[in-house]
Every structure is written in structure tokens, then in C-alpha cells.
Amino acid sequence: MTDLIERETAAVPPAPVRAAGPRSHYKGEAFARRLRARHAAERRFRRAGAAAVAVAALMLVLLIGSIAARGASAFWETRIRLEVALDPAEVASGNYTAPLRRALHAQFPQVTDRAGRRVLNDLLSSGAPYELEAMVARDPAMVGTVRTVWVRADDEIDQLAKGHYRRDLPEGERGLSDAKVAAADALAAAGALAQGFNTTLFTAGDSREPEQAGMGGAIVGSLLTLLVTMLLSVPVGIAAAVYLEEFAPKNRWTGLIEVNINNLAAVPSIIFGLLGLAVFLGFFGLPRSAPLVGGLVMALMTLPVIIIAARAALRAVPPSIRDAALAIGASPLQTVLHHVLPLALPGILTGTIIGMARALGETAPLLMIGMVAFIVDIPHGLTDSATVLPVQIYMWADSPERAFTERTSAAILVLLGFLVLLNGVAVILRRIFERRW
Amino acid sequence: MSIRSQLKLRPRADQRPAAPVAAKMVARGVRVSYGAKPALKGIDLDIQENRVLALIGPSGCGKSTFLRCLNRMNDTIEGCRVEGRITLDGEDVYGRTIDPVQLRARVGMVFQKPNPFPKSIYDNVAYGPRIHGLASGRDELDEVVQTSLKRAGLWAEVRERLREPGTSLSGGQQQRLCIARAIAVSPEVILMDEPCSALDPIATAHIEELIDELRANYTIVIVTHNMQQAARVSQRTAFFHLGEMVECDDTEEIFTNPRDERTQGYITGRYG
Amino acid sequence: MQPTLLALTLVLLTVIGFLAGRSRAAASVGGRVAELHSVPSYHGLYVALWAGLPALLLFVAWTASEGWLAMQLVLSGLPDRLTAGDVQSLSLLKADILNLARGISTGREPDPAVAEAARRYGALRDLAGWSLLAVGASLAVAGLAWGRHRIGPDLRARPAVERVVRAALVVCSLVAILTTVGIVLSLLFEALRFFSIVSPADFLFGTHWSPQVAMRADQVGSSGSFGALPLFAGTLLVTVVAMTVAVPVGLMAAIYLSEYAGRGMRTWLKPTLEILAGIPTVVYGFFAALTMAPAVRAAGEALGLDVSSESALAAGIVMGVMIIPFVSSLSDDVINAVPQSLRDGSYGLGATKSETIRQVVLPAALPGVVAAVMLAVSRAIGETMIVTMASGLTANLTANPLQAVTTVTTQVAALLVGDQEFDSPKTLSAFGLGLVLFLVTLCLNVVALRVVRTYRERYD
């Protein structure tokens, strides 16, 4: 041994030779120059990193900001004050349009021609007669009297009142006639135009008329779909995770299942839509547009997410707990159910909530199974035709009316609100139950 | 076998009483704390040129912390605060004029676990010279790599496989590769943090011989858990205990005639 | 109505079974429960399973087949003139019957025979519902009685119950496999039907895409053409744009967060980036169509370029933004997996932080980063809403990101949204596209996940 080393020692050459000598190199001007360049490169690199983070953060601000700026005003709607005289004969025949129009025309005595009156008629929402009808149904004493009522304005007037039309543009480019602008201004001057909280947005179903369209139906549809998703994917997901993590032998089969689950989590969502279309609608003949089918598809989609999260949570429970339970004579199943699962539950719940949040925001697969239909009614059951919030957003986003842009943005804000709520619950759960072994 | 008998059994050629040697690095009142936790409580130590200084002491005594102060590796640890004064050739290493990058080029380091980069053997050694601009051409770089590998006693084993990844070598070879990597930037001081703790006895013997040879050109500070190793490779030894430096003297003196009770207790194996 | 009633009955009987089993077990040993093989509650579960499980299985099988059986019965009673048509008119007839039975108007005066059939169908379903309730409930009662009869001190109730539970666990874990099988089979089956009409070569390499099929059968000349190459090119183009945004930004952000940002900064910035990942794609689509596309167009016009109002660039940029957090969190994982000792080794030689990152950390993390990028590509290829809302339907074979292109996912969505006949090549072509999409993303995912796994093992 020593011999060997000594032989090598003999072969050791002198220190690396350089013209100026490397040690002095570090004190030389050339090295100092190089060092400055290297530090400059360091600063550039660091700045590039900060810039990347800033770009991402800026995009987030831009995204949320632009949508909030567009959508905030949708939470208010414009209403018109009218002195309505309800004629019993008209009420009996279900004609609620005439009293409204009479009242409106009375505010503009100078307008007598047909064209001018048509402009006036267009100030009111086409849903206004139904509003009046509902008021009469609540208070039948109204009939035969003159009452002051506030009814919904047409979406164009609403947008004008919110300042979304540019008044300085000529009529043709503005997209709203001078006559309407003048009529609306006259109403506003008379104090007959006011804005209030827009309950329609939350309670009504979809409509072709922006001012009557609401996301009530979509919210209910989302909740029903999510309910199905949760009922199916949570128990199945947890059971699968328990089996794979606690009981499954480590062989090729379980290896295959594991690879399969990981891949399934990365399959594009639209493929699940195709699966739903071919299997649930085509093969089993389940109804189109139903929350039941939507929930089934979403359940299959979120299942891998839940399984992966649940397995991670189970894996985090230290083996000593299992050993302790087994040592006092519990069966493996009892060990898991009584000791391991309760400890892993917070982690599983967090993963589940995140999976649900994902399902809540998913759109593409639901397009395939017909949840993109125009549905006015609010669904009452799992097999009723329904749509969900993200799909409602997609459909409204396609509508050309300016007022729908505003409502789309508002719907996005509501959807984001739900997501924040879900994620907030997940974060709080994690905080409360955070446990370290 | 006790250390004393070992020292007597293995007399060294240069065990003559230390002639006054110039101090390469000087530490005065070095205090280090991680957050609120003090790790070093005022260390005064001279590191003499072309000598091997061994830092010994029980785990957590601060010897590795002290080592990492010498080339400011502690800068990379969040919440670490260093006070006091450390000089290299009379220049304050924590002063404004010294750049940590330049300092680390002059004060190289070899770590506890061999940590070759996931690159070829050649690129591992060439890494330092490349970033510091030590070689101006391909040939010159080849020469630096070859010389460094030779000085680390690895050339014969790897000359045919310079393009293979550094991780393909055995543990001992990897550690010598790391030493070659440190030598390649021509440091003045080499710090070694328990360089043999992950190696088998034969590889350890190799490294120890290497350290002895390197002393001719470099000043070496080695942290070790192993008192036999300290006795074998070093000329001077400093004993650390609970964040303090208890005593520092010629290695033979420390092991045969420790002045402090704690040193005595440690080297005789009463604790540690 | 009847399913709910049956469900309630089953729940009730199961609870009764549990209580009965438990008390009988205790009674069989005169209250000295230590003499039982299993504790009494396992005997309770044993009886409950006997009461609930067979009835539940019957319920599932029955509900799955009932509608089909009733329809067959009704159809066989219809005159031939109605049922003689081809597959398409038959499915139309079935839909009419179903709608009438549910009380939904079909919009036209129904054929009296069809109306009668619908009435019969409704009656049959009603009858089936009640008989299911009767059969199910009696099965549950019989199961309860049998289970209770078996109880005794020697009954190994716990192992029996555990076997059932384990079997249930296995079934649950097989759902994932079944899903994959379902995806593969449904895509393959429909795609094969498509390829029997359009040859795979024409589909894969044809350069003209216009899936509008003639409405009448004799309009042969104007049948749609299904050359999907422009779709693949469009997908590739949008993906490339998205990756040029997402990879540098995501990677640099990950580097900054894991190597430069202080602890306090990191705890704020990381969740902020994660928010981007949690935003639904439809929101990105809206943003792309309403904010990004006009901005890109305006920027292009300012530079004197001709930008389409639905450009691949706008869709790609927004998709890239969506993928940033995906790339950054995956890269963050792999960068953190690089051992500190490698960084120390580099710092110890006097390398600066950026030199260490670029020359040591990134090469060491390269396999993981590549895998992350592959997963991101797979994600970009499969993303539907952004391109559907922002890049349009024009099948354009171009490499110019300023033009409008269409992608595979956009076309799948466009072909299948709304009512569609199940047998037209137009509908089936969506499954052909879906198959290609599935196979490509599957390959990317399999390879990437394998690389990630071997990479993790290396540094663990």
C-alpha cells in the first residue's frame, strides 16, 4: 500500500505552471475585470428571475383586474320608475304591457308619433310585464289603482346608465340611437332612472335578453353536478387509495394500476367528455345535458386526483402507528379504519376539496355531453336539463351584446369566488390539522 | 491502541519542534450564530502556511462551522451571522475589498461526502478553471486538468475515461476527484470537512497520504472526527468544545501532553 | 319515486339487520361476549351486509337493463311501418317515445301509435319500478333472515365482513383501470367506424379540413373532407407559442423562488403563482378573446403587421400564462431535489450563484425539467377552452402565429357541441381526433412520468 502511494508520489508534478502564476492571477487586474463581468452576469440572471416572477404576477393582476373592471357593474341593474294605472279588464286578460307603455308615454307627452313611441317602448325590458304581473300576484289590491313601480330597463339603457356607451361618438359608431339616449337622459333628469342591486343575476335562469339573464340555473346545475361528483369520487377514491397504499401487494398488477392512475390524471379533460358521450349517453342511454352525467364524467376525471392526494396523505402516517395497532391485535383492516385513516383524513380532505375545485371550474368535457344547451329553467333534479357555471360563462362569452360581456365577467367573478371559498377551506383545514411526526 | 502509542509507533520525518512559521490565516474573536443560537463563542486561531491543521472535537462543537467561516461558505446559509475578524495574508476576508467569489477561489474546500458534479470527469476538474478564466485555451485547460488529476493521485486511474461521468467512480476516487477539482483553481488554502468519513479504510489511507503531499504547496485545514487521522496527517491540532476552542498546539503536544482537562478527556475517549 | 323508496327501505333493513345481528350474537352466548369469535358489532355488520348487498346488486343490474327491456317490449308492439326504418330513424323514434313518456312535447302532433307506445312505455316503467321495489325489499328481508340464522358463537363474522370490505376496496381501485379501458374502447370503436368511411392516410396527411357533410345522401360531390394536417399544425403552432412563454418564465420563476427569494418572499409569491393554476380555463379563454387578442392585434398594427383578430399568438400567450405555474411548480420540485452538496461544491470553488445554477444545478435537474416540459406540452395540446374561445375555427395550414388557426381540441368541441347524429362521419371524426389526441398525450405522459420517477430515485 505504502509502496504504491510512494510510487505515485514520485510521479507528482510540480504545481500547475502558468506564465504569471495562478495564485497571483486572483489578485491581478484581469481577474478583477473578469470578476466584475461575472457579478454583472449574476445580477442580470437574478433580475431575469425576478422579471419572470413579475411577469407571472402581472398577468394574474391583469387577468383578475380586467375581468373585475368589466364585471363589477353587472351587480347593479338600472330600473325605471313608472306611475302605472292598472285597468282591471287588462289585468283579467293578462295584458300587462299596455299599462306599462301608457305610463311611460305619459312621461313623454311631447312624443306622439309611432316611431317615437317605439323608441320609448324599447326603453323597457321585455321582461317588465312579467315583473308587473308578479307584483300584482303578490298584491292584488293594486288592480284599479295608480301605483308607483320600478321596473327593469332594457339592457341598452342599463349599459348607457352605467356609462358603457361613448356619448361623444356619432350615432352610427355608438351603436345606440340618439333618440334613445335623449329619452334615457330625460328619464334620468326626472329622477325616474335608478340603479339597484341586481338580484336577477343570481336568481334567474338563462335568457336571450341580457337584462333578464341570470346564473341561478347554472349555479344550481353546478351544485347538482358537484354533488354527484363528490358522492361518487370521494368514497371510491379513498377506498382505492386505502387498498393501493395499505393492502395491495407490490406486484406488476398494482404497478400497472399505479401507472394508470398517474396517466389518467394527465389525460386531457376533453377526452373524458368523449368517454361520457360514447359510454354514458351512447351506450347507457342516459339523458343529455343532465347533472347526473356531468357528475359521472367529472367523478371519473377527479378520481385520479383524489387517489393521488389520499395516497400521499396515507403515506405520511408513520408506520409506527400501524405497528402499534397491529401489535395490540387489531386486524389490518381495523388498523387502517381506526388508526391510519383518521390521521390521514385532513390530508385526504384537502386533496378532495382541491379536486372538487377543479371539477367546479371544468368546462370542456361538459360541452360534449350537451350541458351547453340554452336552458331557461332552474333544474330541480339530477336528470333535468341543466348547465353549469363555467359553461354558462362560455355561452355568454359568445353572445355579441355588450351587456353579456359585463354579465360574463360577473359570472367569472362569482365562479372565482366559489373557488376562493373552496381553496380557503382547504387551506384552513391544512392549518388546523397540520401535524408533523 | 492508544493515540500516544500510535504517535510513538509512527514517528514522522518532520516532527521537529515547530519553527516560527508565517500565519497564512488568522482568526480573532470569531463568533457565529444561527438565528438566536450561538455556534461559536469567540475563536482565536492561527493557521500556519504549508502546514496541516486538524480541528477535532465532539459533534456539534463548531469545528465545521469554523471551517465554513474561513471561505465564507456560511454566507449561503440563511440566518447565519458571523462576527470577529478573519484574515488571509493580512486581508480581512469579511472586509469590503474581498469578494467571496475570489476568496473561495483562493481558499478551496473539500466536503464530507464526495460531491462530483453530474458532468464528465474532465468537466468536473475543468469547471473551476473555466469559471475563473484560468486557462486561455483548450491545450492549457487540458494541461491544468491533467496536472490537477496527477496531483490528486487519480490520473493513472482515469486517464482513459476522462469523458465518463464523475459519478461513475468509486467513493474514494470521487473524493480524490473533488480534491483535484479544488486543486485545479490553484487555491492557497484547502479546507477539508471530514473528507474521509464516507470512505473505506483503503480509500482513507490514499487520501491521507495525498494530504501529506499537498502540504508542500498548500495550507490545509482538516476537520476530523477521527483522532488517529488527526494524529497521522496534521502538524498542528485545535480542540473545539461547545463552541469554544479549548487549545491549539503541535499535534504531538496535544496528544501526548494536553494542557486542558477537556482535551485530555476527549482524546482518551471519556466522551465525544 | 320507487328508487328513493327502495333506497330508504334498504337503509332501514340494513340498520335493522345490524341491530338484530348484534343482539342475537350477544344472546347466543348468554351475554358472555368473550366467548364469541368476533365482537357482536361484527355480527351486526355481517347481517347488515346480507340484508343490503344482494338487494343493492339487484338494484344496480335492474336499473341498468330496465329501460332497454321496456323499450324493446314497446317497439315489438309497434306496427312495422314505424320500426322498419334504418338505425337513424329508429333512434329518432326511440327519442320520441322517451320524450312523450316524460311528458315533453316533441313539437309536432305524434303518430297515434307512437303516443300509445309512449303510454305503454310509461306504464311498463312504472310497473317495473314497483316490482323492483317488491323484489328488492323481499330479497333484503330474506338476506336479513339468512344472515341472522347463521349467527352463533363460532361464526367467524369478522373475517367474513373483512373479506367483503377488501373486495369492495379492490373494486374501487379497479375503477381507474376501467376508466382507461372505457376511454380506449370508446375512442377506438368510434374511430374505427370513422376510418371505415375515411381512410387513415387521408385523415392523417390530408391538408384540407371541412367536416360539413352534405345534408342529403345524394349530394356525394359535396361530402366533407377530413384532412387533419391543418389541425395538427395549428395545435403545434399554439403549443409552440405557449411553450415559448411558459418554459422560460416558469423555469426562471422557479429558479428565482427556490434559489434567490427569501423565505418571507417565497411564502407569498408561491401561492400567488399557484392562483394562476387554479383559475378555470374558460376564464383564460375569455381573457384571451377579450383582452389579449385585441391587445396583440393593436400591437401588431402598431408595428405594421397584419394580425388576425383570432390569432394563434393571442391564444398561445394566454395558454402559456396558464401553464407557467405548472412548469414552475414541477421545476421547483426537481430543482429542490438537487442535493445541496452539489451547490456547496460549486460555491466552494468560487462560482457565483448564477454560475452554480446554470452549470451545476440545471444540468443535474435536466431530466426532471425536460419531463416537466413534456407534461406541460401534453397539457397545452389537450387544452380546449382557450383555443375554442380565442383561436377560431378556420382550418389554416400556416406557421404564422399572427393568423387564425384551429386545433384538434377546438374541432372536437365544435363537432360535438349541439345536437348531432351519431353515425355521420362528422361526428365520428371527432373520435378520430380524440384518439390521436389521447395517444399523443399518453406517450408524452408515460415517458415524462417515467423520467420523473427515475430522476427522483437518483437523488433520494
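Predicted model: local features only at pLDDT ≥ 70, side-chain atom pairs only at ≥ 80, totals over all residues.
Colleague: Is the crossing of α9(C) with α11(C) left-handed or right-handed?

Modeller: In this model α9(C) passes α11(C) in a left-handed crossing. The contact is made on one side by C:L273, C:E274, C:L276 and C:A277 of α9(C), and on the other by C:V321, C:M322, C:I324, C:P325, C:F326 and C:S328 of α11(C).

Colleague: What makes up the contact of α9(C) with α11(C) by class?

Modeller: By class, this contact has 8 nonpolar, 1 polar and 1 charged residues. Glu counts as charged, so C:E274 of α9(C) is the charged residue there.

Colleague: How do you know which residues of chain A are listed as "transmembrane region", and what is the chain like over residues 218–244 and 336–357?

Modeller: The listing comes from UniProt, where an unreviewed entry gives residues 48–69, 218–244, 264–286, 293–316, 336–357, 364–382 and 410–429 of chain A under that name. In the model, residues 218–244 of chain A are 100% helix and 0% strand, with the end C-alpha atoms 37 Å apart, while residues 336–357 of chain A are likewise 100% helix and 0% strand, with end C-alpha atoms 28 Å apart.

Colleague: How many residues does the contact take from chain A and from chain C, and which helix gives the most to the side of chain A?

Modeller: The contact takes 67 residues from chain A and 69 residues from chain C. On the side of chain A that touches chain C, helix α3 (residues 29–71) gives the most, with 19 residues. By class, that side of chain A has 50 nonpolar, 14 polar and 3 charged residues.

Colleague: What does chain B bring to its contact with chain C?

Modeller: That contact takes 24 residues from chain B and 16 residues from chain C. Among the elements of chain B, α3 (100–106), β6 (107–110), α4 (121–132) and α7 (171–183) each supply at least two residues of the side that touches chain C, and by class this side has 12 nonpolar, 7 polar and 5 charged residues.

Notes:
Residues numbered from 1 in each chain as written. Chains lettered and ligands numbered in written order. Left-handed = near helix turned anticlockwise from the far one by under 90°. Helix = DSSP H or I, 4+ residues; strand = E, 2+ residues; numbered from the N terminus. Contact = placed C-beta atoms within 7 Å. UniProt positions renumbered as here; feature names shortened; annotations may be inferred.
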